[in-house]
Amino acid sequence: MRRNRRRRRPEAVESVPMKTQIDPRPTAAFSVVPCFLLLLASALFLATATWLYWPAPEMAFRTDDSPAAWLSSAQLWGTGLIALRLFRERALPPALCLWLGAAMVEMSFDEQFMLHEHWKYECVQWFAACRQAWVTELPMLLVAVLGLATVVWLHRCLHARSARVLLWAAIGVGLFALLLRFTQQPADLLPYKAALLVLAEALFAGVLLGVTRRDQPCAGAPAQVHST
């Protein structure tokens with residue numbers, strides 16, 4: 001006899017819906033409003049100084065005890081405090097926040113007490129190597145190299161396109177002011193290089209001020225489904 005073989009029907013495989021992996025770590029959000037408000041406040045301060053020092057408005061920017069120098073030091077100090085806030089909120093990597101805070105406070109001290117000027121004109125009394133011109137400019141060279149590395153680091157941590165654009169706008173204005181300082185051209189803008197640096201600092205501080213911590217978890221890649 002031929003046995004009838006029953007074919008077993010394949011069991012229905014229950015489709016498991018793909019789950020969305022939830023990243024519990026907070027992410028950084030960005031708003032351009034604080035940046036524009038801070039830039040507007042700095043511009044209003046500079047305009048007021050220009051008006052009060054008229055008919056010699058360049059005096060509001062050229063001397064080390066000018067209103068522009070005071071505002072620059074205050075903005076750098078405030079930027080350091082903003083970096084500490086970002087460290088507390090974990091909105092940016094802690095190492096970056098601490099480095100930014102320390103760098104901004106040091107630059108604020110330098111702006112107020114003219115530390116790099118003391119090094120440039122007095123270090124020859126301390127070290128024979130200061131007879132070389134590049135040694136006297138060493139603080140500014142370190143600011144340029146470390147500053148560029150810091151900006152690249154910060155750029156990688158900012159995911160909003162508007163934040164990155166404003167960051168590089170700040171760097172562009174600052175580089176133009178430094179170029180104006182070293183080339184002495186165009187001569188008509190030379191007395192106002194401090195005002196350009198103040199605006200660059202306001203833009204940079206505004207970028208950090210616009211970064212906030214987003215507490216809502218963000219959706220990521222599909223999670224793996226483990227069968228039991």
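A polar contact is a pair of N or O atoms within 3.5 Å, where, within protein, one atom must be able to donate a hydrogen and the other to accept it, and where residues adjacent in sequence count only if both atoms are side-chain atoms. The structure examined here is a predicted model, in which local features need pLDDT of at least 70 and side-chain atom pairs count only at pLDDT 80 or more, while totals for chains, interfaces and linings use all residues. Residues are numbered from 1 along each chain as its sequence is written, and side-chain values use heavy atoms, with hydrogens and water left out.

A polar contact of 2.5 Å joins the side chain of S42 to the side chain of Q75. S42 is placed in helix 1 (residues 33–52), helices being DSSP runs of H or I with at least four residues, numbered from the N terminus. With a relative accessible area of 3%, S42 is buried (buried means under 20% relative accessible area, exposed over 50%, and partly exposed in between, with a 1.4 Å probe and protein chains only). When residues up to four places away in sequence are not counted, S42 touches L71, Q75, V198 and A202, contact meaning heavy atoms within 4.5 Å.

A polar atom of the S66 side chain lies 3.5 Å from the backbone oxygen of A60.

Three aromatic pairs are found in the structure, where rings of Phe, Tyr and Trp (its six-membered ring) pair if their centres lie within 6.5 Å, and planes under 30 degrees apart count as stacked, over 60 as edge-to-face and the rest as tilted. One of these pairs is formed by F45 and W70, which is stacked because the ring centres are 5.9 Å apart and the planes stand at 25°. Since F45 belongs to helix 1 and W70 to helix 3, this pair ties together parts that are 25 residues apart in sequence. F45 is partly exposed, at a relative accessible area of 30%, whereas W70, at 51% relative accessibility, counts as exposed.

Another pair, F61 with Y192, has ring centres 5.5 Å apart and planes at 65°, so the pair is edge-to-face. This pair links distant parts of the chain, 131 residues apart, with F61 in helix 2 and Y192 in the loop between helix 8 (161–183) and helix 9 (193–210). F61 is buried at 6% relative accessible area, whereas Y192 is partly exposed at 28%.

Notes. Helices (H or I, at least four residues) and strands (E, at least two) are DSSP runs, numbered from the N terminus.
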